[in-house]
Amino acid sequence: MTTEKGNGDSQFGHPDVDVVVVGAGFSGLYLLQRLRSQGFSTKAFESAADVGGTWYWNRYPGARCDILSIDYSYSFDSELETEWQWSERYATQPEILRYLQHVAEKHDLRRDIEFSTRIESATWDEKTSLWRLRTDQGNETSCRYYVMATGCLSAPKTLDVNGVDRFGGATYATSRWPHEGVDFSGMRVAVIGTGSSGVQSIPLIAEQAAELTVFQRTPNFSIPAHNGPVDPKKLAGKEGRHAEYREAARWSFAGVPGEPGEKGALQASGEERQAVYDRVWDTGELIATVTSFNDLLVNAASNQTIAEFVRGKIRSTVNDPEVAETLCPVDFPLGTKRLCLDTNYYETYNLPHVRLVDLRKTAITTITETGIDTDSESFEFDAIVFATGFDAMTGAIAAVDITGREGATLRDKWADGPKTYLGLTIAGFPNLFIVTGPGSPSVMSNMMVSIEQHVEWICDCLEYLRRDGLELIEPTKAAEAGWEQHVNDYAGITLFPQANSWYMGANVPGKPRVFLPYIGGVDVYRAICDEVVSRDYLGFTLEGPGKTRLNDGIIRPVQPDVTLVLQAIESLGLPPIEEMSVEDARAFAATMAAERPPGPEVGDIVDDVLPGAVGDLAYRLYRPASPGPHPIVAYFHGGGWVLGGPDSDDPFCRDLCVQSNAIIISVDYRHAPEARFPAAPDDGFAAVQWIAENARNLGGVPGQLAVAGWSAGANIAAVVCHMARDAGGPEITGQMLVTPVVDCDFSRHSYVENADGYSLTTELMHWFWDHYADPADRQDPKASPLRAHDLANLPPALVVTCEFDPLRDEGATYAEALAKAGVQVRHLPCRGQIHMSLMAVDMVVSGAAARAEMGVAFRQFFDA
Ligand code: NAP
């Protein structure tokens, strides 16, 4: 909700310029062009002597883009699309630099750029609401808005090798290559580092050097670029439809048009997989490779298939098997460190004058006056090339002394990892924008698409502020924390955190270990940024003379994998269950159940029947693989007393069996509307009595019996505990209630807040209750156990609730009531989850931690 108030005491002084931009690479140039066209006075500062950013500095041999040039180029100027023709699929650094110089000339941008000037400090002046900047030339400038367009890979990593200054020969860093080039002819050359810069430069250095020794700490995966003239087919796909093509890029996963694989790698046959991998290998495009199946970056076993394919290629290319093995990455999933794109990289190791040193077997001890010493050998060199990477994503921003509100510095704020809202703005640092900052897709995408989107978002924002007489924008702390959480949640469901990559800050000693970019995709991210605007700048405070607008809130509080499941369900366009007949609803539930992943393997599964209150009840028993006997959990499935059967929560029961190392007996019960209240709890109680009596025959430990259930099944489990207590047995050692129905009151906040949009709706709960029990019966504690007068002496409980569930508040209230009655109870609230999340084993990966805790809870019940 937006709140407005006057702010008579805030001041807005007059700046030297409206906007200062730092950096004159792809981002800075477009910012200048755009801001100028919108009538903002703008000045850019650039530490280099000319435009180009990363393409100004990285002039090492072989430097090229690794996204096709027809994609890695501006889309904002439609004339550029036709007046500039790329000579190769992947243009060289000189050609990309010429392109940027051409853009700067065409739009007359240099006149507003102060070159060879570095911004050293930026301080927010609270009294005037201006940024005051100081340059390394000793000059000062003030501005209203301050934009860091400093690039993600522009601050070289400080060399962390002993003795760097001692070396008497020549040293070069790929990230700061001499403009005049280097001739290595006849030299003994060392290259340290085998990331993208090393992989690109090593084959060309090898062409000149008399001897080349490559020092490799971690091998990287690389695929061949197949460079050459621009593919006429690709060009034809764009020719005459540039706008459409670029729009497709904007709404793609990684900023390049293309169809990602529709299935998981393990869903394909071996031959099919081989054909797909052969095709991507022959194509030579990074994004098409990592999206060739839809689960390569989230499923370790799937990733192994492509990793092994590439390792096979390395082994078949490199003649010496030992060298080939040294070049094979084994300790991180493919794509979780930036995949490299090469020309003759692996072939280079077949040359007689090229040697590979494995630093994992023999570490560098020091650089000497004449070469490099390792644990086991001394090497002599004429030149050493450092291809050792960057302090990525945060290095260039933190290099400026930035001080925000109340004297707080950005370096302190980011000491434990960067915090931003949308990767664009920072709480406590008003009117500061970052282009492709941490928390945005940036390096996970075609940078050009991400840069243009950020530039346009920032410029549109400034236009909006001006139109509404506002002069200040700052994200709220809550919005920023929510975004940080969302970025981490997304990373957490992928394989990325498994790698020691610069994405994780792991390449710089002492840098906090957090996943820096946003991995949700540029399409998803663009939609989020647009939504923030359409919801009146959700998560921001806006201020102008005499007014303040606060619109606090979190843009994506639901777990990302839950969102994907909800979107998949929505895309089916199915009618709501509550509009179906009971028969159709049951058929629908069965169809959905057949589609889901099966869950983990268990030792044994037995289907049988047991006597219920009025007739036999089917059950399914899941036995752990470990030797028995085991404790037993009597489990009641969900489905609103109307839907489901003993196998309807199959994946969850399997998971529970594995996690708890207990026998799970999923018992059916009579369903409504054929058998209304109290048929279900009566059956549940009869089943538990029978299981207790037959524990030994079932492979159980007599006296070690717990109950569990989900949703309406948790209602039955809870009621069975009351019935067993009141009947004097059987003894129940614990109860686990997952998102339970424990009351018939629809007025609780969670019912209102989550009435619609999270799969279980308030309408559907009405439908279930209407089928199950008459209004008068619903008050009965056997239907609404929260209404029981006495909750004392019930078994220890674990109550699990989900944030976006209509049933959340009644579950939480039941946990509180149990605790008040002296029952040992633990409440496990699951952030960002919905009613069905925890059942969706292998679909809602973010629920795995809660499922593991359930297993622990059972072990504790039984140990106690
Ligand atoms: P990088 O990927 O971080 O690679 C640095 C390399 O140096 C790694 O092999 C690293 O080993 C090694 N290294 C670092 N410190 C070392 C030390 N003290 N002793 C021994 N080895 C050390 O850096 P980069 O190659 O410059 O690439 C960075 C990113 O820039 C790329 O991932 C890519 O996004 C971008 N880039 C793109 C292109 C392109 O094709 N367009 C070209 C160049 C760069 P560890 O892995 O063991 O740390």
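User: What should I know about the source first?
Analyst: This is a predicted model, in which local features need pLDDT of at least 70 and side-chain atom pairs count only at pLDDT 80 or more, while totals for chains, interfaces and linings use all residues. Residues are numbered from 1 along each chain as its sequence is written, and side-chain values use heavy atoms, with hydrogens and water left out.

User: Start with the sheet of 8 strands. What is the order?
Analyst: The order is β23-β24-β26-β25-β27-β28-β29-β30, in an open sheet with mixed pairing. Strands here are DSSP runs of E with at least two residues, helices are runs of H or I with at least four, and both are numbered from the N terminus. Two strands pair if DSSP finds at least two bridges between them.

User: Which strands stand at the edges?
Analyst: β23 (604-611) and β30 (825-834) do; each has a single partner strand, so one side of each is left without a neighbour in the sheet. On average, neighbouring strands of this sheet are turned by 20 degrees against each other, direction ignored. Axes are lines fitted to C-alpha atoms, for helices over the stretch in contact, and angles run from 0 to 180 degrees between N-to-C directions.

User: In which sense do β28 and β29 pair, parallel or antiparallel?
Analyst: Parallel: β28 (residues 734-738) and β29 (residues 797-804) are joined over 4 bridges. Leucine 737 has valine 799 of β29 opposite.

User: And the sheet with 3 strands, what is its order?
Analyst: That open sheet runs β14-β15-β16 with antiparallel pairing. Its edge strands are β14 (364-367) and β16 (378-380), each pairing on one side only. β14 meets β15 (residues 371-374) over 3 bridges in the antiparallel sense, and isoleucine 364 has threonine 374 in β15 as its bridge partner.

User: How many bridges join β21 to β22?
Analyst: There are 5 bridges between β21 (residues 540-544) and β22 (residues 547-551), and the two strands run antiparallel. Glycine 544 faces lysine 547 in β22. The hairpin has 2 residues between the strands, and glycine 546 takes a positive phi near 85 degrees there.

User: Switching to rings. How many aromatic pairs does the structure hold?
Analyst: It holds 50. Rings of Phe, Tyr and Trp (its six-membered ring) pair if their centres lie within 6.5 Å; planes under 30 degrees apart count as stacked, over 60 as edge-to-face and the rest as tilted. In one of the pairs, tyrosine 277 and phenylalanine 293 have ring centres 5.6 Å apart and planes at 90 degrees, so this pair is edge-to-face.

User: Where do those two sit?
Analyst: Tyrosine 277 is in helix α8 (residues 270-283) and phenylalanine 293 is in the loop between α9 (286-290) and α10 (300-317), so to speak of the chain, they are 16 residues apart. Both tyrosine 277 and phenylalanine 293 are buried, where buried means under 20% relative accessible area, exposed over 50% and partly exposed in between (1.4 Å probe, protein chains only).

User: What about tryptophan 767 and phenylalanine 768, buried or exposed?
Analyst: Both are buried. Their rings also form an edge-to-face pair, 5.6 Å centre to centre with 65 degrees between the planes.

User: Which residues are in the ring cluster?
Analyst: Ring pairs link Phe26, Tyr30, Trp55, Tyr72, Tyr74, Phe76, Trp84, Trp86 and Tyr99.

User: Which charge lies over tryptophan 57?
Analyst: Arginine 176 lies over its face, 4.2 Å from the ring centre. Arginine 466 lies over the face of phenylalanine 40 at 4.0 Å from the ring centre. The criterion is NZ of Lys or CZ of Arg within 6 Å of the ring centre and within 35 degrees of the ring normal.

User: Now helices. How do α8 and α10 cross?
Analyst: Their axes come within 11 Å and cross at roughly 55 degrees. That makes α8 oblique to α10; angles under 35 degrees count as roughly parallel, over 145 as roughly antiparallel, 65 to 115 as roughly perpendicular and the rest as oblique.

User: Last one: where is aspartate 774?
Analyst: Aspartate 774 is in the loop between α24 (762-772) and α25 (775-778). At 40% relative accessibility, aspartate 774 counts as partly exposed. Aspartate 774 and lysine 547 are 54 Å apart in space, C-alpha to C-alpha, and 227 residues apart in sequence.
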